[in-house]
Amino acid sequence: MHVITVCVGSACHLKGSHEIINYFKDAIKDAGLENKVELKGTFCMDQCTDGANLLIDETLFHATSVDDVRAIFQTEILEKI
Ligand code: FES
């Protein structure tokens, strides 16, 4: 089981975390990975200046667009499952 944790604190919300969560929801469903990938939200991770922040398992990523998270999902989830 992989865990994607998206920051929903105010700074990350302003930088698109809501769209990022929606992208991951759709991507997990489209790939049929509901039983292999858990999507969670978290409050501020004290990295506010670095963009919308998310963890894939224990690794921190910064995203500035849905294109960024599409690439992260490809390399960190699809290519590792
Ligand atoms: S609000 Fe996301 S790291 Fe602070």
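Helices (H or I, at least four residues) and strands (E, at least two) are taken here as DSSP runs, numbered from the N terminus. By that rule the chain holds 3 helices and 4 strands. Along the sequence they follow the pattern β-α-α-β-β-β-α.

The model is predicted: local features need pLDDT of at least 70, side-chain atom pairs count only at pLDDT 80 or more, and totals for chains, interfaces and linings use all residues. Residues are numbered from 1 along each chain as its sequence is written.

Start with the overall dimensions. The C-alpha atoms fill a box of roughly 30 × 20 × 15 Å along the principal axes. The radius of gyration is taken over C-alpha atoms, and the globule rule is 2.2 Å times the number of residues to the power 0.38. For 81 residues a compact globule would have a value near 12 Å; the chain has 12 Å, so the two agree.

Contacts come next. Two residues are in contact if their C-beta atoms, placed from the backbone, lie within 7 Å. Among contacts between residues at least 6 apart in sequence, 64% join residues at least 24 apart.

Now the sheet. Two strands pair if DSSP finds at least two bridges between them. The 4 strands form an open sheet in the order E2-E1-E3-E4, with mixed pairing. E2 and E4 stand at the edges with a single partner strand each, so one side of each has no neighbour in the sheet. Neighbouring strands are turned by 25 degrees against each other on average, direction ignored. Axes for such angles are lines fitted to C-alpha atoms, for helices over the stretch in contact; angles run from 0 to 180 degrees between N-to-C directions. H3 packs on this sheet and touches E1, E2, E3 and E4. The direction of H3 makes about 155 degrees with that of E4.

Follow E3 (52–56) through its partners. E1 and E3 run antiparallel, joined by 3 bridges. Thr5 stands opposite Leu55 in E3. On to E4: 5 bridges join E3 to E4, again antiparallel. Here Leu55 stands opposite Leu60 in E4. E3 and E4 form a hairpin with 2 residues between them. Asp57, in the turn, has a positive phi of about 55 degrees.

Finish with burial. A residue is buried if 20 or more other C-beta atoms lie within 10 Å of its own, exposed if 12 or fewer, and partly exposed in between; C-beta atoms are placed from the backbone. Of the 81 residues, 26% count as buried. In H3 (residues 66–78), Val69, Ile72, Phe73 and Ile77 are buried. The buried residues of H3 pack against E1, E2, E3 and E4, and also against helix H2 (17–30).
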